Structures are given as structure tokens and as C-alpha cells.
Amino acid sequence: MPELPEVEVVRRGLERWVSGRTIDTVEVHHPRAIRRHTAGAADFAARLKGLRLGVARRRGKYLWLPVTGGGPAAQTAAEGIGPLVTPSVTHGLAILAHLGMSGQLLVQPHDAPDEKHLRIRVRFDDDQDTELRFVDQRTFGGLSVHDTVPGDADQLPDVIAHIARDPLDPAFDDAAFHDALRRRRTTVKRALLDQTLISGVGNIYADEALWRSKLHYERPTATFTRPRTAELLGHVRDVMNAALAVGGTSFDSLYVNVNGESGYFDRSLDAYGREDEPCRRCGTPIRRRPWMNRSSYFCPRCQRPPRT
């Protein structure tokens, strides 16, 4: 599943290519792609017609496009389903995107052939000759329209208000994170994957940050000192920034940026996916262990397990 660097790469592409454009029409090709929009496909398409996309934003693994304005189509009835319920004020809405495991937001020329797994098409009211497509092979991701949190400067969709800030957010509070980490009474990798504690970190970058920190994934959070927490956060930020610089991590064609290009941080991974390969620090073969329906990769010499 895409983690913070991969989602941020997509966000930057959306900011460049679609922010500021006005939606003309929306086509929903698969109902699962808008299953989180409970009013259905017709309502989804009608509510978005005529809206202007704001600057793309992200928190952790979620990204969204605030929208403003409104068009007459949002107040008409969709054929066969009766009148649509339209909010009186469209300011304070956002299109929330979750990529799931294989979701792609692609900016394509109008005449480009449709992708096999095209789920949603958004056309714009301008002469740029490009459209936004949501493509998703496994249909775990999707788009939905939500109210934003009142007064929130980031126009955060209310359904993800519980998601913590991510470590690359300037407003992330390191001291508060340490205090919460100690109170959580869990193990360090579980804490890193807890999106209510710190967002954007998934299995790949957790393993990479722990390898850089020389920490075993089962290290109890109650044992962390402030300097140790600061060191861990530093490595989390370093590995994510390094991944961002090369477009994220792509193990297959499922994760791409808005132009369909893959990232190549997989060439720089030190732990994740390197079972039986030598540790780049000490030469000991990297091990893989089943963990919470996933896998954890670690060096048994550099990252010694905690004493029981």
C-alpha cells in the first residue's frame, strides 16, 4: 500500500496539473470506486459538476482536493433516482482520495486510450486537453466527497479528522509524540503504524527507519527516552525524504505518479524485501518474520530483540 512518500508524489502532481481547474463532467465506471460516497454515483457526479479544485493537500496516506463554487447541475435531478440533496454552501467540501493498494490518479490526454481498470473520469471546463482518471485494479481505493472540519486551515475532510499529523508536517509535535509513545505501552513498530499516533508510516518505511535506528520491531515503547525518540523520528524523516527525492517505492506497475511514472527507491532499501541478503552495515543476512499479517525485515545482529 502506498505510504507517505508515494502519496506525496501524487499530491504534488495533482497540485501541478489539476489544482485551480473547474470540473465539467464526472463519469463513474465502477460503483466500488465511490462506495465511500454513500449517496451513490449520480450524486457524486452531480455534486462535483462546476466546482473548482483547490490546492491538493495530504495528511499521512490520505490526500484531498478542497472544492469551491457550484453549478446548476448540482441542483437538478438525476434521471431515474429523483431529486438530489445539495448542500446550501459548497465551500467547505473536499474530494477525498484513498489509493488503497493499487489506486492511481492519472492526468491523461483526452484522446489517450482508456486504461483497463479505469474507474472514474473527471473532465475539466478548459482547453488544456487533459483529464483526471482514477484507475484501480483491485478496487480497494476510491474517491468521495465530504464536509471539511470547520475552521481547519488545511480544509481537512471530517472523516479523517482522527488521523494524526505526519512527521513531515511542520506542525508535528515531537514532544507530544514522545509522551504519547510512552503512554501507549506497545511495541515500536505497532506504534509507528498507528495512524492516530503518527500518520503516513507503513510497513516499508517502518522497517527502514528501525534498521537505521538499530531498533528491533518488538522494542517496548515504554523504554524510549526522549533522545531515543528524537533519533527514531530523525530516521523516519530521513528515509521518507530520501524516498520522495526519487519518486517513492515501486515494486510493480501498480504505484505510479500522475504521469504514469514509477519511483525507484526500492533500489535503496536497506531492510525491507531483502531477506537473506547481507546487511549493508555488518554483512549478517537480513531476516524476515511474520508480523500482524505482514512481514518484518531486520538484521539479527544490528537490531537485537528486547530481553524478555
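The model is predicted, so local features need pLDDT of at least 70 and side-chain atom pairs count only at pLDDT 80 or more, while totals for chains, interfaces and linings use all residues. Residues are numbered from 1 along each chain as its sequence is written, and side-chain values use heavy atoms, with hydrogens and water left out.

Me: What makes Phe172 and Phe177 a tilted pair?
Reply: Rings of Phe, Tyr and Trp (its six-membered ring) pair if their centres lie within 6.5 Å; planes under 30 degrees apart are stacked, over 60 edge-to-face, and the rest tilted. By this rule there are 3 aromatic pairs. The ring centres of Phe172 and Phe177 are 5.7 Å apart and the planes sit at 45°, so this pair is tilted.

Me: Are Phe172 and Phe177 buried or exposed?
Reply: Both are buried (under 20% relative accessible area, with exposed over 50% and partly exposed in between, using a 1.4 Å probe and protein chains only).

Me: How do you know that the charged end of Lys189 sits over a ring?
Reply: The rule wants NZ of Lys or CZ of Arg within 6 Å of the ring centre and within 35 degrees of the ring normal. The charged end of Lys189 is 4.5 Å from the centre of the Trp291 ring and sits over it. Arg219 does likewise with Phe224, at 5.1 Å from the ring centre.

Me: Which classes of residue line the largest cavity?
Reply: Ala, Val, Leu, Ile, Met, Phe, Trp, Tyr, Cys and Pro count as nonpolar, Asp, Glu, Lys and Arg as charged, and the others, Gly among them, as polar. The lining has 14 nonpolar, no polar and no charged residues.

Me: What about the second largest pocket, by class?
Reply: Its lining has 3 nonpolar, no polar and 9 charged residues, with Arg57, Arg58, Arg59 and Asp166 among them. About 190 Å³ of space lies in this pocket.

Technical notes:
1 Å grid on protein atoms, 1.4 Å probe; cavity = no way out; pocket = protein on both sides within 12 Å on 5 of 7 lines; lining within 4 Å. Points joined across faces, edges and corners; volume = space filled by probe spheres on them.
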